[in-house]
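Please have the model open beside you while you read my notes.

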Amino acid sequence: MSSGARKAARQSGSMIVMALFAIIVLALLAGTLVNMLSTSSNSVLFEVYGVRAKNAAQAGIQELAMTAFPLGAGPQLCNQVIVNPATFASIPGFQSCQFTARCTTSDINFNGEDYRYYRFSSTGSCGFDGVVVSRTVSVDAMQEN
(Lines give C-alpha, C1' and ligand atoms only; values in the text may rest on other atoms or scores of the structure.)
Protein backbone atom coordinates (compact mmCIF):
# COMPACT_ATOMS: atom_id res chain seq x y z
CA MET A 1 0.00 0.00 0.00
CA SER A 2 1.35 3.43 -0.86
CA SER A 3 1.85 6.12 1.79
CA GLY A 4 -1.00 8.24 0.30
CA ALA A 5 -3.44 5.35 0.59
CA ARG A 6 -2.39 4.73 4.21
CA LYS A 7 -2.99 8.40 5.13
CA ALA A 8 -6.43 8.30 3.51
CA ALA A 9 -7.30 5.14 5.42
CA ARG A 10 -6.32 6.73 8.76
CA GLN A 11 -8.37 9.90 8.07
CA SER A 12 -11.52 8.21 6.83
CA GLY A 13 -13.45 8.64 10.17
CA SER A 14 -12.49 12.26 10.85
CA MET A 15 -15.23 13.73 8.65
CA ILE A 16 -17.89 11.93 10.68
CA VAL A 17 -16.49 13.37 13.92
CA MET A 18 -16.39 16.90 12.44
CA ALA A 19 -19.93 16.57 11.11
CA LEU A 20 -21.23 15.38 14.51
CA PHE A 21 -19.43 18.28 16.22
CA ALA A 22 -21.02 20.80 13.81
CA ILE A 23 -24.48 19.28 14.31
CA ILE A 24 -24.16 19.42 18.12
CA VAL A 25 -22.96 23.03 18.08
CA LEU A 26 -25.80 24.08 15.75
CA ALA A 27 -28.36 22.25 17.92
CA LEU A 28 -27.09 24.07 21.03
CA LEU A 29 -27.30 27.42 19.24
CA ALA A 30 -30.83 26.67 18.05
CA GLY A 31 -31.89 25.70 21.59
CA THR A 32 -30.45 28.92 23.00
CA LEU A 33 -32.24 30.98 20.35
CA VAL A 34 -35.59 29.31 21.12
CA ASN A 35 -35.09 29.96 24.84
CA MET A 36 -34.27 33.63 24.20
CA LEU A 37 -37.37 34.09 22.03
CA SER A 38 -39.58 32.47 24.67
CA THR A 39 -38.17 34.71 27.42
CA SER A 40 -38.63 37.78 25.24
CA SER A 41 -42.28 36.98 24.47
CA ASN A 42 -42.99 36.39 28.19
CA SER A 43 -41.50 39.75 29.14
CA VAL A 44 -43.65 41.50 26.53
CA LEU A 45 -46.70 39.69 27.89
CA PHE A 46 -45.94 40.80 31.46
CA GLU A 47 -45.38 44.36 30.25
CA VAL A 48 -48.73 44.46 28.43
CA TYR A 49 -50.64 43.07 31.43
CA GLY A 50 -48.73 45.45 33.71
CA VAL A 51 -49.96 48.42 31.68
CA ARG A 52 -53.51 47.04 31.82
CA ALA A 53 -53.26 46.62 35.60
CA LYS A 54 -51.99 50.20 35.93
CA ASN A 55 -54.93 51.46 33.86
CA ALA A 56 -57.35 49.51 36.07
CA ALA A 57 -55.74 51.08 39.17
CA GLN A 58 -56.05 54.54 37.62
CA ALA A 59 -59.75 53.86 36.98
CA GLY A 60 -60.11 53.23 40.72
CA ILE A 61 -58.37 56.52 41.56
CA GLN A 62 -60.67 58.37 39.16
CA GLU A 63 -63.75 56.72 40.64
CA LEU A 64 -62.76 57.86 44.14
CA ALA A 65 -61.81 61.34 42.96
CA MET A 66 -65.27 61.74 41.43
CA THR A 67 -66.89 60.95 44.79
CA ALA A 68 -64.52 63.21 46.76
CA PHE A 69 -64.73 66.14 44.36
CA PRO A 70 -68.17 65.99 42.70
CA LEU A 71 -69.01 68.46 39.95
CA GLY A 72 -71.21 71.32 41.09
CA ALA A 73 -70.66 70.64 44.80
CA GLY A 74 -67.97 71.18 47.39
CA PRO A 75 -65.41 68.53 48.29
CA GLN A 76 -66.74 65.62 50.33
CA LEU A 77 -65.19 63.52 53.05
CA CYS A 78 -63.81 60.38 51.59
CA ASN A 79 -63.13 57.44 53.91
CA GLN A 80 -64.11 54.42 51.89
CA VAL A 81 -62.99 51.37 49.99
CA ILE A 82 -64.46 50.42 46.64
CA VAL A 83 -63.90 47.13 44.90
CA ASN A 84 -64.29 47.31 41.15
CA PRO A 85 -67.69 49.00 40.84
CA ALA A 86 -67.04 49.58 37.14
CA THR A 87 -67.19 46.50 34.98
CA PHE A 88 -64.38 45.80 32.56
CA ALA A 89 -66.21 42.86 30.95
CA SER A 90 -67.21 44.90 27.90
CA ILE A 91 -63.70 46.27 27.27
CA PRO A 92 -61.53 44.00 25.11
CA GLY A 93 -58.35 42.99 26.95
CA PHE A 94 -59.64 44.04 30.38
CA GLN A 95 -62.03 41.16 31.07
CA SER A 96 -59.73 39.65 33.70
CA CYS A 97 -58.85 42.99 35.33
CA GLN A 98 -60.12 44.49 38.57
CA PHE A 99 -59.20 47.13 41.12
CA THR A 100 -59.48 47.87 44.82
CA ALA A 101 -59.36 51.56 45.70
CA ARG A 102 -59.10 53.28 49.09
CA CYS A 103 -59.57 56.87 50.14
CA THR A 104 -58.84 58.49 53.50
CA THR A 105 -59.45 62.06 54.56
CA SER A 106 -57.93 63.87 57.51
CA ASP A 107 -58.00 67.46 58.69
CA ILE A 108 -54.62 68.99 59.48
CA ASN A 109 -53.38 72.35 60.70
CA PHE A 110 -50.23 73.74 59.14
CA ASN A 111 -48.84 77.16 60.08
CA GLY A 112 -52.18 78.17 61.56
CA GLU A 113 -54.14 77.21 58.42
CA ASP A 114 -56.66 74.37 58.31
CA TYR A 115 -56.37 71.91 55.44
CA ARG A 116 -58.16 68.76 54.39
CA TYR A 117 -55.73 66.07 53.27
CA TYR A 118 -56.89 63.33 50.86
CA ARG A 119 -54.97 60.15 50.19
CA PHE A 120 -56.13 57.97 47.30
CA SER A 121 -54.63 54.54 46.68
CA SER A 122 -55.69 51.92 44.18
CA THR A 123 -54.36 48.51 43.22
CA GLY A 124 -55.26 47.12 39.83
CA SER A 125 -54.66 43.52 38.84
CA CYS A 126 -55.01 41.52 35.66
CA GLY A 127 -54.58 37.78 35.29
CA PHE A 128 -53.78 35.30 32.56
CA ASP A 129 -53.04 31.57 32.67
CA GLY A 130 -52.89 31.52 36.47
CA VAL A 131 -50.49 34.49 36.65
CA VAL A 132 -51.62 37.77 38.23
CA VAL A 133 -49.91 41.08 37.48
CA SER A 134 -50.72 44.00 39.77
CA ARG A 135 -49.83 47.67 39.95
CA THR A 136 -50.54 50.22 42.70
CA VAL A 137 -51.14 53.92 42.12
CA SER A 138 -51.32 56.55 44.89
CA VAL A 139 -52.38 60.19 44.73
CA ASP A 140 -52.35 62.81 47.50
CA ALA A 141 -54.39 66.00 47.48
CA MET A 142 -54.77 68.85 49.93
CA GLN A 143 -57.44 71.52 50.06
CA GLU A 144 -57.54 74.63 52.18
CA ASN A 145 -60.60 74.78 54.43
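1. Basis. This is a predicted model, in which local features need pLDDT of at least 70 and side-chain atom pairs count only at pLDDT 80 or more, while totals for chains, interfaces and linings use all residues. Residues are numbered from 1 along each chain as its sequence is written, and side-chain values use heavy atoms, with hydrogens and water left out.

2. Secondary structure. The chain has 2 helices and 4 strands, and they follow the pattern α-α-β-β-β-β along the sequence. Helices (H or I, at least four residues) and strands (E, at least two) are DSSP runs, numbered from the N terminus.

3. Overall form. The radius of gyration of the chain is 32 Å, whereas a compact globule of 145 residues would have one near 15 Å. That radius is taken over C-alpha atoms, and the globule rule is 2.2 Å times the number of residues to the power 0.38. Along the principal axes, the C-alpha atoms fill a box of roughly 110 × 40 × 20 Å.

4. Burial and surface. Buried residues make up 21% of the 145 residues; buried means under 20% relative accessible area, exposed over 50%, and partly exposed in between (1.4 Å probe, protein chains only). The chain exposes about 10,000 Å², of which carbon and sulfur atoms supply 61%. These areas come from the Shrake-Rupley method with a 1.4 Å probe, and for residues only the protein chains shown count as cover.

5. Disulfides. How many disulfides does the chain have? The count comes to 2, where a disulfide is a pair of cysteine sulfur atoms within 2.5 Å. With bonded cysteines counted along the chain, they follow the pattern 1-3, 2-4.

6. Cys78 and Cys103. The sulfur atoms of this disulfide are 2.1 Å apart. The pair links distant parts of the chain, with Cys78 in the loop between α2 and β1 (80-83) and Cys103 in strand β2 (residues 97-110), 25 residues apart. Both Cys78 and Cys103 are buried.

7. Cys97 and Cys126. Here the S to S distance is 1.9 Å, and the link is right-handed, with 110 degrees about the S-S bond. Because Cys97 lies in strand β2 and Cys126 in strand β3, the pair ties together parts that are 29 residues apart in sequence. Cys97 and Cys126 are both buried. Leaving aside residues up to four places away in sequence, Cys97 touches Arg52, Ala56, Asn84, Phe88, Ser125 and Cys126; contact means heavy atoms within 4.5 Å.

8. Nonpolar core. The largest nonpolar core has 21 residues, and those with the most contacts inside it are Leu64, Cys78, Phe88, Cys97 and Phe120. At least two residues of this core come from each of α2, β2, β3 and β4, and α2 gives the largest share, 7 residues. Such a core is a set of buried Ala, Val, Leu, Ile, Met, Phe, Trp, Tyr and Cys residues joined through side-chain atoms within 4.5 Å.

9. Strands β3 (residues 113-128) and β4 (residues 131-144) pair in the antiparallel sense over 14 bridges; two strands pair if DSSP finds at least two bridges between them. Tyr117 stands opposite Met142 in β4. The hairpin has 2 residues between the strands, and Asp129 takes a positive phi near 50 degrees.

10. Leu33. This residue sits in helix α2 (residues 14-68) and is partly exposed, with a relative accessible area of 48%. From C-alpha to C-alpha, Leu33 and Gln98 are 36 Å apart in space, and they are 65 residues apart in sequence.
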